[in-house]
Amino acid sequence: MNRLKVLFTFYVPSGGVDTLNRLRTAVLKRHGIEAHLLYLNTGSGLQNSSDTRIFTASSDQDIHHLIHSEHYDAIITTSDIAMPGRLRGLGYKGRIIFEAQGLGTRDQALETIQMGVPYLQAHCDAAVLPPTDHLLDMFIHICPWLHRFVIPNMLDTDTFAPTSVEAPPYPVLAWVGRLEHNKNWREYLEICKAIIKKKPKARLWLFHDPTLANPEDEVMFRHMLAEYGLEDRIGIFINVPHSQMPTFYSMIAASGGIMLSTSLLEGFGYAVAEAISCGCPVLSTDSDGVRLFITHNKTGKFYPLGNVKVAVSEALDLMNNKKLREYIRIQGRQHVTLSFSPDRYAASFREMMTALRVFH
């Protein structure tokens with residue numbers, strides 16, 4: 001098997017892309033592909049240890065040195081529409097693949113892709129994206145000439161598995177994300193406020209990375225917590241190492257609680273997939289990407305975006321209906337284990353390299 005060497009680039013080691021990068025570099029290595037990571041900025045994800053070579057560099061000089069000393073067969077630039085042109089300007093001659101992940105709301109994604117057309121045309125050999133309808137539609141219509149590869153992301157279902165934990169003495173209403181518009185944290189607080197009227201013992205657990213929060217949102221968040229009288233009912237967890245999340249998801253499940261996902265739009269939605277993989281029941285908006293792992297009342301629950309009343313009744317059903325809850329937990333875990341295996345990802349990635357004639 002040919003040994004290939006590839007580089008993945010992204011802005012900052014955090015969130016879903018950081019998770020994906022750590023998982024895929026490990027599995028690609030097992031499949032004969034050496035993969036390195038380049039981040040333009042440092043971030044909280046660097047605390048998550050891995051034996052992958054990770055570079056942090058933003059100057060042309062450093063990036064030039066990296067690509068000319070490492071001789072990558074292909075470079076995959078995630079979300080960063082300016083990077084392909086930059087790499088070509090620095091003399092990189094190999095294959096460049098643009099990866100659509102984490103492009104935000106439908107409007108943000110549309111803007112990025114439309115703005116990127118001349119760059120994609122001039123500098124990229126292909127695009128790779130998860131099987132997410134809105135992204136696929138945009139690439140088909142806006143860049144019909146660009147070679148497209150659709151590869152489902154992967155999940156480490158061995159690490160993200162139910163673990164035995166001490167159950168918290170109250171049901172947990174959890175939320176994982178960034179305090180910004182697309183993650184729709186306001187709706188989370190509204191739903192929780194209404195659930196607490198029915199379940200006065202319930203408490204909120206919020207997991208986030210303040211370095212990625214929108215400062216205005218952070219101020220508004222504090223303000224709303226006070227306004228809703230939720231300040232003494234919330235536990236805020238900052239920059240929890242990724243490896244500790246299975247414990248938290250298992251605790252949420254054991255408490256009889258749920259995870260809420262209120263996003264306007266997700267390309268994939270790692271936090272939701274990982275929670276389901278740990279047997280933690282999820283109630284989510286139908287934000288496109290999460291359709292990959294949620295089938296309503298089978299592997300999770302959906303509620304219509306903006307409809308707090310329906311969200312509350314679905315949440316209570318998920319918490320009170322023990323039979324349905326158990327069924328959803330089992331089916332959810334089974335589904336993600338079968339559908340998002342790392343080896344399947346590696347095989348698809350190798351097929352993409354072969355199709356693009358990336359050989360030594």
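Predicted model: local features only at pLDDT ≥ 70, side-chain atom pairs only at ≥ 80, totals over all residues.
Residues are numbered from 1 along each chain as its sequence is written, and side-chain values use heavy atoms, with hydrogens and water left out.

### Cysteines

The structure holds 0 disulfides, where a disulfide is a pair of cysteine sulfur atoms within 2.5 Å. For C143, the closest cysteine sulfur is that of C124, and because the separation is 9.5 Å, the two are too far apart for a bond. C280 is likewise in no disulfide, its nearest cysteine sulfur being that of C278, 7.9 Å away. C280 is also buried, with a relative accessible area of 2%.

### The seven-stranded sheet

Helices (H or I, at least four residues) and strands (E, at least two) are DSSP runs numbered from the N terminus, and two strands are said to pair if DSSP finds at least two bridges between them. On that basis, 7 strands form an open sheet in the order β3-β2-β1-β4-β5-β6-β7, with parallel pairing. Its edge strands, each of which pairs on one side only, are β3 (54-56) and β7 (148-150). Neighbouring strands of this sheet are turned by 25° against each other on average, direction ignored. Within the sheet, β1 (residues 4-10) and β4 (residues 74-78) are joined in the parallel sense by 4 bridges, and V6 stands opposite A74 in β4.

### The six-stranded sheet

A second open sheet is formed by 6 strands in the order β10-β9-β8-β11-β12-β13, and the pairing is parallel here too. At its edges lie β10 (234-238) and β13 (301-303), each pairing on one side only. Strand β12 (residues 282-285) runs parallel to β13 and is joined to it by 3 bridges, with F302 in β13 as the bridge partner of S284. Of the 6 residues of β9, 5 are buried, so this strand is largely enclosed by the rest of the structure.

### Helices on the sheets

| Helix | Strands | Angle |
|---|---|---|
| α1 | β1, β2 (33-39), β4 and β5 (95-99) | about 155° to β2 |
| α2 (residues 60-70) | β1, β2, β3 and β4 | about 175° with β2 |
| α7 (residues 215-227) | β9 (203-208) and β10 | about 160° to β10 |
| α9 (residues 270-277) | β8 (172-176), β11 (258-261) and β12 | about 165° to β11 |

In α9, 8 of the 8 residues are buried, so the helix is largely enclosed by the rest of the structure. Among the buried residues of α9 are Y270, E274 and S277, and what covers the buried residues includes α1 (15-30), α8 and α11 (322-339) as well as β8, β11 and β12. After α9 comes G279, whose phi is positive, near 75°.

### The α4 and α5 pair

Helix α4 (residues 106-123) packs against helix α5 (residues 133-142) at an angle of about 35°, with the axes 11 Å apart. On the α4 side the contact is made by R106, A109, L110, I113, Q114, V117 and L120, which meet H134, L135, M138, F139 and I142 in α5. These contact residues divide into 9 nonpolar, 2 polar and 1 charged, where Ala, Val, Leu, Ile, Met, Phe, Trp, Tyr, Cys and Pro count as nonpolar, Asp, Glu, Lys and Arg as charged, and the others, Gly among them, as polar.

### A loop glycine

G256 lies in the loop between α8 (245-254) and β11 and is partly exposed, with a relative accessible area of 23%. Leaving aside residues up to four places away in sequence, G256 touches P171, M319 and R325. From G256 to A347 the separation is 91 residues in sequence and 38 Å in space, C-alpha to C-alpha.

How values were computed:
Axes fitted to C-alpha atoms, helices over the stretch in contact; angles between N-to-C directions. Contact = heavy atoms within 4.5 Å. Buried < 20%, exposed > 50% of the residue type's maximum accessible area, 1.4 Å probe, protein only.
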